[in-house]
Amino acid sequence: VKYTCHHTVLERVRIKHILNPSEWFTRSTYLRVETEPWPDSDDDRSLEDEEIDVMLQLGELMDLQEEVAEAVVLRSQKASLRVNATRHGLWSFCELWVSYLKARQQSRHQSYKKEVQQFVQGYVRANPGVTDMLTYSDLPEEVQRQLNDFRHRFQEDSFTLMMKQTVTSQLMMQSLSHAERLSLVSKTLTEETRRLLAQKALQVVFKDSS
């Protein structure tokens, strides 16, 4: 039996030990653990200005996504409705970012399939004696190389997006302070903004040359 669970992360705790370790094997119930609080090192520090800056960054990134007509946008993710940069609320950014990267990964997979399909269909149209009931081994070496290039680019993009999902969550969990998490989120947003600005610049170049 599989269950889909939705959780709200409010703060971290440190696991001291597991009270029913035998359930690792029987899986008849949930694991129970003894924990202790794991407070931030800057619990007594106000970071309101930094929190406002992060939310402004997020809003500007969302606007930029729509400006470049990105296939996947943050505002389309349900978690975007709950995101804020407060000490407790910043954890919702992690949920938002992971769901966003997963959606981008799925979108990249769809574009890869479409890219391959269009390429093969173009090859068939350019070669009237060729049927569309082709196998990979039926194709010329040059066509096979092109398809391999498509696949390798997709695999690289997909792996990068998958790693970003894992790394972002792990770094958030390992952070020792709210200030560190705000800095991490800010750097993540800056990196994505740069990617989209590069994409926007390419759009302008192609538009001017057409």
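How many residues does H4 have, and how far does H4 reach from its first C-alpha to its last? The legends below begin with the model as a whole and then take up this helix.

**View 1. Overall confidence of the predicted model.** This is a predicted model, in which local features need pLDDT of at least 70 and side-chain atom pairs count only at pLDDT 80 or more, whereas totals for chains, interfaces and linings use all residues. Residues are numbered from 1 along each chain as its sequence is written, and side-chain values use heavy atoms, with hydrogens and water left out. The protein averages a pLDDT of 88, and 96% of the residues score at least 70, pLDDT being the predictor's confidence in each residue, from 0 to 100. Among the elements of the protein (helices are DSSP runs of H or I with at least four residues, strands are DSSP runs of E with at least two, and both are numbered from the N terminus), the lowest mean pLDDT, 89, belongs to helix H1 (residues 23-26), and the highest, 94, to helix H2 (residues 48-67).

**View 2. Helix H4 along its length.** H4 has 34 residues and reaches 48 Å from its first C-alpha to its last, which is close to the 50 Å expected at 1.5 Å a residue; the expected span is 1.5 Å times one less than the number of residues. The buried residues of H4 are Val143, Gln144, Leu147, Asn148, Phe150, Phe154, Ser158, Leu161, Gln165, Thr168 and Met172, where buried means under 20% relative accessible area, exposed means over 50%, and partly exposed lies in between (1.4 Å probe, protein chains only). Thr166, also placed in helix H4, counts as partly exposed at 48% relative accessibility. Thr166 and Pro37 are 129 residues apart in sequence, and their C-alpha atoms are 24 Å apart in space.

**View 3. The packing of helix H3 against helix H4.** Helix H3 (residues 91-126) and helix H4 (residues 141-174) pack at an angle of about 175°, with their axes 9 Å apart; the axes are lines fitted to C-alpha atoms, for helices over the stretch in contact, and the angles run from 0 to 180 degrees between N-to-C directions. H3 and H4 are therefore roughly antiparallel to each other, a term that applies to angles over 145 degrees, while angles under 35 count as roughly parallel, 65 to 115 as roughly perpendicular and the rest as oblique. The residues of the contact of H3 with H4 divide into 18 nonpolar, seven polar and eight charged, with Ala, Val, Leu, Ile, Met, Phe, Trp, Tyr, Cys and Pro counted as nonpolar, Asp, Glu, Lys and Arg as charged, and the others, Gly among them, as polar.

**View 4. Glu192 and its salt-bridge partners.** A salt bridge is a side-chain nitrogen of Lys or Arg within 4 Å of a carboxyl oxygen of Asp or Glu, and by this rule the count comes to 18 salt bridges. The side chains of Arg104 and Glu192 meet in one of them, at 3.5 Å from N to O. This pair links distant parts of the chain, with Arg104 in helix H3 and Glu192 in helix H5 (residues 178-209), 88 residues apart. Arg104 and Glu192 are both buried, Glu192 at 3% relative accessibility. Arg195 also forms a salt bridge with Glu192, the closest N and O atoms being 2.7 Å apart; these two residues both lie in helix H5, three residues apart, about one turn of the helix. Arg195 counts as partly exposed, at 26% relative accessibility.

View 5. Glu36 forms a salt bridge with Arg14, with 3.5 Å between the closest N and O atoms. Glu36 lies in strand S2 and Arg14 in strand S1 (residues 13-18), so the pair ties together parts that are 22 residues apart in sequence. Both residues are partly exposed, Glu36 with a relative accessible area of 30% and Arg14 at 39%.

View 6. Arg27, in the loop between H1 and strand S2 (33-37), has a positive phi of about 55° although it is not a glycine, and Arg27 is exposed, with a relative accessible area of 72%. Ala69, in the loop between H2 and H3, likewise is not a glycine and has a positive phi of about 55°; Ala69 is exposed, with a relative accessible area of 63%. Ser41 is placed in the loop between S2 and H2 and counts as exposed at 59% relative accessibility. The C-alpha atoms of Ser41 and His178 are separated by 8.0 Å, although the two residues are 137 residues apart along the chain.
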